[in-house]
Amino acid sequence: MASPSPHDRSRKDDDEDDPVDQMISRTGCAELHYSVQECMAEHQDWRMCQRQVQVFKDCMMNFQIARKEQLMKQQRQPTSTESAPS
């Protein structure tokens, strides 16, 4: 019996616990990640999937930049204990 393809996204049982899939889903780039995986499954050659890889990379970079800005903004804000009078 042939094992199911790792690129088959209809297998939700295994994917729900995958920490990588969970992390990518939080970035908003999951569909682009799946697009890269589908291209790789179809062509078996990463060179044929450079457009999909670049779009996914751009999405992840945008997420990282936004996350970094969010964290820096949080660090600049005083905490409630710092702003309370003694």
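Tutor: The account below takes up the disulfides, then the nonpolar core, and lastly the salt bridge.

This is a predicted model, in which local features need pLDDT of at least 70 and side-chain atom pairs count only at pLDDT 80 or more, while totals for chains, interfaces and linings use all residues. Residues are numbered from 1 along each chain as its sequence is written, and side-chain values use heavy atoms, with hydrogens and water left out.

A disulfide is a covalent bond between the sulfur atoms of two cysteines. Here the term is assigned to a pair of cysteine sulfur atoms within 2.5 Å, and by this rule the count comes to two. With bonded cysteines counted along the chain, the pattern is 1-4, 2-3.

Helices here are DSSP runs (H or I, at least four residues), numbered from the N terminus. Both Cys 29 and Cys 59 are buried, a term for under 20% relative accessible area, whereas exposed stands for over 50% (1.4 Å probe, protein chains only).

The other disulfide is formed by Cys 39 and Cys 49, whose sulfur atoms are 2.1 Å apart. Cys 39 lies in helix 3 and Cys 49 in the loop between helix 3 and helix 4, so this pair ties together parts that are ten residues apart in sequence. The link of Cys 39 and Cys 49 is left-handed, with -95 degrees about the S-S bond, and both of these cysteines are buried.

Cys 29 and Cys 59 also belong to the largest nonpolar core, which has eight residues, including Ile 24, Ala 30, Phe 56 and Met 60. Helix 3 and helix 4 are the elements that give two or more residues to this core. Such a core is a set of buried Ala, Val, Leu, Ile, Met, Phe, Trp, Tyr and Cys residues joined through side-chain atoms within 4.5 Å. Leaving aside neighbours within four places in sequence, Ala 30 is in contact (heavy atoms within 4.5 Å) with Ile 24 and Ser 25.

Finally, the structure holds one salt bridge, defined by a side-chain nitrogen of Lys or Arg within 4 Å of a carboxyl oxygen of Asp or Glu. Asp 45 forms it with Arg 47, the closest N and O atoms being 3.0 Å apart. Arg 47 counts as exposed, because its relative accessibility is 57%.
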